[in-house]
Amino acid sequence: MTQRDLLCCELAGVHIAVPLERVIGVTEGGLVTPLPYTASAFEGLVEVFGQVMPQANLALLLGVPPAEGGILIVVSDRGGSVALRVVVVTRMIRVDDDRLGVTAPRARAVHALYMAEVEHQGVPHYVLDLDALATSDELELSAPDGGVLIPEGRIARPAEKCSSSPVR
């Protein structure tokens with residue numbers, strides 16, 4: 001029987017588990033450089049472990065109330081790495097793959113980014129599908145289909161002339 005290690009975290013009362021084989025590391029959040037024209041869950045670029053990578057707010061991706069938190073779970077992605085911001089990392093657990101397989105339909109019914117559900121100490125933890133997350137619409141550019149991204153221009157108004165009489 002094969003087993004899988006999961007890194008568990010919490011987001012505003014929702015418990016998420018990330019497959020440990022895809023976790024590069026866990027660290028406190030740092031300075032984020034925001035980028036224009038990105039989805040709301042995409043917070044910007046951050047330097048972690050000497051590498052610049054995108055940072056995403058996992059709560060917003062999953063549609064749960066966003067919460068303050070500065071812990072980053074850095075996971076490997078098809079194109080490199082991505083830092084997922086969470087409230088707190090709680091534990092690591094080991095589960096049988098068989099247990100995960102039978103819960104997949106129920107977990108996917110809760111959210112498309114969940115690939116399984118596991119109960120640990122009476123609390124359900126949803127296992128994150130990192131491949132689905134990497135191709136999620138919530139991490140895409142915010143332009144509509146067929147739309148063109150044009151920077152917003154602001155017209156500067158000329159200074160109004162003073163109506164009072166000149167000082168002599």
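Reader: How many helices and strands does the protein have, and in what order do the elements run?
Author: In this predicted model, the protein has 3 helices and 11 strands, and from the N terminus on the elements run β-β-β-β-β-β-α-β-β-β-α-β-β-α.

Reader: Why is His15 called buried?
Author: His15, which lies in strand E2 (residues 14-19), has a relative accessible area of 18%; buried means under 20%, and therefore His15 is called buried.

Reader: Which residues does His15 touch, not counting residues up to four places away in sequence?
Author: With those neighbours left out, His15 touches Cys9, Glu10, Val123, Pro124, His125 and Tyr126, where a contact means heavy atoms within 4.5 Å.

Reader: How do you know what span is expected of helix H2?
Author: The expected span is 1.5 Å times one less than the number of residues; helix H2 (residues 97-110) has 14 residues, and its reach of 20 Å from the first C-alpha to the last is close to the 20 Å expected.

Reader: Where in H2 does a kink lie?
Author: A kink of about 50° lies at Ala104, shortly before the proline Pro105, the bend being the angle between axes fitted to the seven residues ending there and the seven starting there.

Reader: Which residues of H2 are buried, and what do the buried residues pack against?
Author: Leu100, Thr103 and Ala107 are buried in H2, and the buried residues of this helix pack against strand E1 (3-11), strand E9 (88-96), strand E10 (114-120) and strand E11 (123-128).

Technical notes. Residues numbered from 1 in each chain as written. Predicted model: local features only at pLDDT ≥ 70, side-chain atom pairs only at ≥ 80, totals over all residues. Heavy atoms only, no water. Helix = DSSP H or I, 4+ residues; strand = E, 2+ residues; numbered from the N terminus. Buried < 20%, exposed > 50% of the residue type's maximum accessible area, 1.4 Å probe, protein only.
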